[in-house]
Number of protein chains: 2
Amino acid sequence: MRADPRLSINQATIKHADLATALKATADAGVQSIGLWREPVNEVGLDTATKMLADSGLRFSTHCRGGFFTLPAGPERDAALDDNRRAIEETAVLAAAGAAGSTAVLVLVAGGLPEGSRDLIGARERVRDAIGALAGDAKAAGVTLAIEPLHPMYASDRAVISTLGQALDVAADFDATVVGAAVDTFHIWWDPQVLDQIARAGREGRIATYQVCDWKTPLAADVLLSRHYPGDGVIDFGSLTRAVIETGYDRDIEVELFNADIWADDPARVVARTAASFGEAISPHLR
Amino acid sequence: MRADPRLSINQATIKHADLATALKATADAGVQSIGLWREPVNEVGLDTATKMLADSGLRFSTHCRGGFFTLPAGPERDAALDDNRRAIEETAVLAAAGAAGSTAVLVLVAGGLPEGSRDLIGARERVRDAIGALAGDAKAAGVTLAIEPLHPMYASDRAVISTLGQALDVAADFDATVVGAAVDTFHIWWDPQVLDQIARAGREGRIATYQVCDWKTPLAADVLLSRHYPGDGVIDFGSLTRAVIETGYDRDIEVELFNADIWADDPARVVARTAASFGEAISPHLR
């Protein structure tokens, strides 16, 4: 089976592969696009990574990730903002090196409550402030910042932005080419407002990336690692994918799997299985 | 320290205590109210349980629990509805036996996706239908059905109602004395709409019960057992409790803890610790 031309392998799906292995496994499987993570890119250095990406012939769909914006004012927060500026630059350079159709999207994870804090509303305000501080850099670099709402089970320790509607409310202060949202099925499938908010995101031009993976219980003991191949769980990919496509979304669609069993598997086999599951669970809804 | 007069011990907090032990531990600690579970009540039989409750001098705050409404039409669903009718009767009888100020509230957990189903929207419709089928029985018995939104991490296997707003949307079809909502901090603290929805619930007369317990990460390996004493986690009980009190809510406030360590502890010690943590984390916001 040929891989769907819109599939992009998010590098986290083959977390233990270095950049060379990830690019090769993706291209060898006939997949046309990849989303990269900062750590393996910086392991070889941005210049080398850029050349490797260009040589691979793959499109570049997203860079993961920036964010972690909830710290109060101070040197730690300043350092985090500076690090996000480097991530914006990396995103622009990599997107320019990818094959035609690459997109310059930096995925942002908001960050959780600072240690000892119970001020959820304040933490959310600091996310908004941080995006305001970075919007000019992103615009200058031609990069879209994609606010990713994470599942509410991560609200305290990872992301104080929990719903697509909330991400869109934050993004609303900014130009849609500069600040959008990441629509990831795993995080938002349960939301009673999800179809309305996807339609709204489309109307507002804010769907910066669409990512698919499945939800299944019991959750892994480390709930961060509970993501499954599309089709292996209970998410109705038909209604969600059609809602995204009906907005006119025409970019790549990533599969990003955090799962210890998948990470322990051979990268080539994981990419092949990802392509097959995407073909069965997602592709029928793209036509 | 005297226990707060509004505190009610939900029996699940001392899960392994039988009814006699639970009533005694609660009353001995100077707590004035208790929420009961069906299993320990039915273990001694409703008549005996009713007499025991009356003899305890405690108020009765809620009965736990009905629901599990997402099955498709058929004998299993019919049996579930009949079981809910028995739960409604139990609730009425127990509330009449409790001390003055008891409330006839049956907490409903919606139920998860049926085995093999991905039809979340259909499951939610069946919840609405089931409540419609039971509303007449509840009204006749003078019982309020409290729809409990559960945290979205339980959406697939336990409750397809995930937010307070969604619970209120379902309740809106019914008289507010017959169908309300359970406001449980653990389940809804993360919701960006939570304060607005608490205010709405108050305006609509739908806060059937207010329950407090805390959220802390890492979550327990069995995420069902991740509930903590108020004050041990990250929930801002001030803003949530004040929002509830500002609606005019004047009933008991339950603490319901699912937590293996707490269940392994001595019931008298657990009740004392619950009363102390309530006094520190909740009582200051009730004035």
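How do the axes of helix 3 and helix 4 of chain A cross, and within what distance do they come? This is a predicted model, in which local features need pLDDT of at least 70, side-chain atom pairs count only at pLDDT 80 or more, and totals for chains, interfaces and linings use all residues. Residues are numbered from 1 along each chain as its sequence is written, while chains are lettered from A and ligands numbered from 1 in the order in which they are written.

To the question, then. Helix 3 (residues 46–56) and helix 4 (residues 75–97) of chain A have axes that come within 8 Å and cross at roughly 25°. Helices here are DSSP runs (H or I, at least four residues), numbered from the N terminus; axes are lines fitted to C-alpha atoms over the stretch in contact, with angles from 0 to 180 degrees between N-to-C directions.

In the contact, A:Leu46, A:Thr50, A:Leu53 and A:Ala54 of helix 3 meet A:Glu90, A:Val93, A:Leu94 and A:Ala97 of helix 4. Contact requires C-beta atoms, placed from the backbone, within 7 Å.

Let us turn to the two chains. A rotation of 180° with 0.0 Å of shift along its axis superposes chain B on chain A, at RMSD 0.0 Å, by least squares on C-alpha atoms of residues with pLDDT of at least 70 in both. That is the relation of a two-fold axis. Between the chains, 23 residues of chain B are in contact with 23 residues of chain A.

Finally, confidence: the model scores ipTM 0.96 and pTM 0.97.

How values were computed:
Two residues are in contact if their C-beta atoms, placed from the backbone, lie within 7 Å. Helices (H or I, at least four residues) and strands (E, at least two) are DSSP runs, numbered from the N terminus.
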